Amino acid sequence: MAGRIADPWGARTPYPRGGEWPVRIDEHTEGPVERWVQSACVLCSHGCALDIGVRDGKIVGVRGRGVDRVNHGRLGPKGLYGWQANNADDRLTRPLVRRDGELREASWDEAMDVVVERSRESLAAKGSGALGFYTTGQLFIEDYYTLALVARGGIGTNHLDGNTRLCTATAGQSLKETFGCDGQPAGVHDIEYCDTLLHVGINTAETQTVLWMHELDRLRGPDPPRSVVIDPRRTQSAQESQVHLAIKPGTNLAALNGIAQQLIEKGWIDRQFVDLHTIGFDALEKTVASYTPERVAEICGVPADDVRRAAEIIGEAEHLLTFVLQGVYQSHQATASACAANNVNLLRGMIGRPGCGILQMNGQPTAQNTRETGCNGDLPAFRNWQNQAHVAELAGLWNVEPAQIPHWGPPTHAMEIFRYAELGSIDFLWVIGTNPAVSMPELHRIRSILSRDELFLVVSDAFLSETARLADVVLPVALWGEKTGTFTNTDRTVHLSEQAVEPPGEARTDMEIFLDYARRLDLRDKDGQPLVKWSTPEECFEAWKECTRGRPCDYTGLSYDKLRGGSGIQWPCNEEAPDGTERLYQDLTFPTFPEICEDFGHDVQSGTTFTEADFKAMNPQGRAILKAAEWTEPHEWAKEDYPFTLATGRTVYHFHTRTKTGRAPELQAAAPDAWAELNAADAERLGIGEGDSVRVESPRGAIEVPARLSGPREGVVFVPFHYGYWDVGDDAGPDGRPRAANELTMTIWDPVSKQPIFKTSAVRVEKAG
Ligand code: SF4
């Protein structure tokens, strides 16, 4: 391995507290560049700004944008090399329609006629609830907003969700529970001002590589922040920390309750802030009182003194910045734990000022937009499905009757969509830009659902993924760089990505496909006019701006022109904040008013949905909500037959199911196959050496992969979830040498966010024969 593959973070550029993070322009090109086209990276939620290098109508490289607030010119390995996937020779260039059991090339007219005919049949036979849409965290705002209008306002189905359900549903949900609305309180520049970092279940070094560069340069500069890390693995950030709580998987909530207990007992809380700006303190104090360091030590399997020391560091902080990710979201008691992380900052009164705040990180690059536009379980622009005024407002924007927009219950989440497809009430499923045949839990079940004769499966993708191979119709799509649009990173920074090259063959943009679908289905508004009023991405963006007017994610101050040339800009961006908003809640008023909030919230212990009356009875009125829950044992935990706990996760070189990064030669060469990480002591006990083939088996399936002896705590096995079967021969695959981590995971989800749990499956491990 060479260069930025061997050293994913590049050279250090240290800076002091309060100083500006120096610019460093990272670039990788293959030969000369004729012109540069403005864009940003879509291979993780950090959204690093870059320019795309073009020569002879082909993408030939990228260069970080030094002017941008997010990355100051830097790119990680995925950003530097991921674009190569656009040029892969197995791009889909024509639609495919299954005939006589085979996927065969067809014209767009033929393919869309089949899709529309089947849609009409399902609508006529069963109504709008027969159609389901399962989208992604990788499209642009313009694609998503068109889809949300078509599905919710046109067809009138409640079955629209994103694969963001699998990655960051809990991020959005915890923000709704605590603050009344989605949207990250902090911004990445808070790294420059913090004196203490808290990482809970997040491995920024691998998942948001440039974010880690930003942190690491602070850690290497004068007056570095102190750091506490809660994670079963000894990640890069754990190695840099003062205290690493290597907890047992499934015990995040106990650890965070333990920290809250110490903060309260030692008087390290900001009582005035708590009294003036939060509700729920008494219940929280009562709940966490029993989580003494000794009890936490017993539950989490860490030394009690480390719990005390972690709480002390947080208790002494003056500027605390907290990061949370999948180690919480995909684990047991996900929402309750993410809220417990929010509680820590609120108890300390550390929000809404420089260096203080919370980043409930996203995983995928445009997951924020999936949530904002209503493609992930809420109504567009963070509207509340239980609020009749919100529904009426949306109906007015779309010129449809309020009853046309499903709001009799919460939008159907992905795990339910697949259950309905299994039972047959959904018999038309359109999968857009995602690969559930590798990414969903318990893959043998997912494959059997997607293969049902009764299910008509449409897949939009740029490649013949594991899911596309099971489809009835495959629609070839334009990738990033081949279309124009906008997207928003974790810290609310909106970037414009301009079209640099033409898509290959007949591939079309997702927005174009949805527009064509709406036209062919003849979807109309209540005046008989075509439902979708736009035909270009910019027109769609203008409509989206109107949809966000006055909402917390207000985009009305943005335009394509304003986003051209300079840095990305954070929402809310409007007349009051024409340059965007670095951090939310600077006036310490939270959107917990019943007429504004996105969600009336839940009992985070049981998942019970609160009604408007419940919410009003709590009377938060602009105060944040401290939510408390007791730790409980995970549904499945290491036991006699299955003595290890499996945690699935990510590597720095790949994104999602490798549909793109597996086709970037440097990235693929860096990590060509799955593996299982074991603690060295466990491996020695089992007679397993580095590189030995091991069989990892759960009650649901098994995989055989090479062993790596590395950083998880004893009793934990880590397997990256990126690997399916598209790039291995016939004797591999689920019936040959299975390697997909989700062969092992279970069909179970968090009661509040409905996010599947990927981090606590019980497994056994043995040396393969
Ligand atoms: S940190 Fe994320 S957005 Fe930035 S270059 Fe890497 S993959 Fe792309």
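Pro572 sits in the loop between β20 (569-570) and α25 (612-618), and a cis peptide bond with omega of about -5° joins Trp571 to Pro572. What you're looking at is a predicted model, where local features need pLDDT of at least 70 and side-chain atom pairs count only at pLDDT 80 or more, while totals for chains, interfaces and linings use all residues. Residues are numbered from 1 along each chain as its sequence is written, and side-chain values use heavy atoms, with hydrogens and water left out. Helices (H or I, at least four residues) and strands (E, at least two) are DSSP runs, numbered from the N terminus.

- Two packed helices are described by the angle between their axes and the distance between the axes.
- Axes here are lines fitted to C-alpha atoms, for helices over the stretch in contact, and angles run from 0 to 180 degrees between N-to-C directions.
- Helix α3 (residues 108-126) and helix α22 (residues 510-521) have axes that come within 10 Å and cross at roughly 60°.
- That makes α3 and α22 oblique to each other (under 35 degrees counts as roughly parallel, over 145 as roughly antiparallel, 65 to 115 as roughly perpendicular and the rest as oblique).
- On the α3 side, the residues in contact (heavy atoms within 4.5 Å) include Trp108, Met112 and Arg120, and on the α22 side they include Ile513, Tyr517 and Leu521.
- By class, the contact of α3 with α22 has seven nonpolar, one polar and five charged residues (Ala, Val, Leu, Ile, Met, Phe, Trp, Tyr, Cys and Pro count as nonpolar, Asp, Glu, Lys and Arg as charged, and the others, Gly among them, as polar).
- Helix α4 (residues 141-155) also packs with α22, at an angle of about 20° and with the axes 8 Å apart, so α4 and α22 are roughly parallel to each other.
- Among the residues that meet here are Leu147 and Val150 in α4, and Phe514 and Tyr517 in α22.
- The contact of α4 with α22 divides into nine nonpolar, one polar and three charged residues.

**Strands and sheets**

- Strands of a sheet pair through backbone hydrogen bonds, either parallel or antiparallel.
- Five strands make an open sheet in the order β11-β10-β9-β13-β14, with parallel pairing (two strands pair if DSSP finds at least two bridges between them).
- β11 (243-245) and β14 (357-360) stand at the edges with a single partner strand each, so one side of each has no neighbour in the sheet.
- From one strand to the next, the twist averages 10°.
- Strand β13 (residues 320-324) runs parallel to β14 and is joined to it by four bridges; Val324 has Gln360 in β14 as its bridge partner.
- Helix α16 (residues 334-347) packs on this sheet, touching β9 (196-200), β13 and β14, and its direction makes about 165° with that of β14.
- Elsewhere, β5 (residues 96-99) and β6 (residues 102-105) pair in the antiparallel sense over four bridges, with Arg99 opposite Glu102.
- β5 and β6 form a hairpin with two residues between them, and Asp100 in the turn has a positive phi of about 50°.

**Positive phi in loops**

- Asp223, in the loop between α8 and β10 (226-230), has a positive phi near 55° without being a glycine.
- Asp522, in the loop between α22 and α23 (537-548), isn't a glycine and has a positive phi of about 60°.
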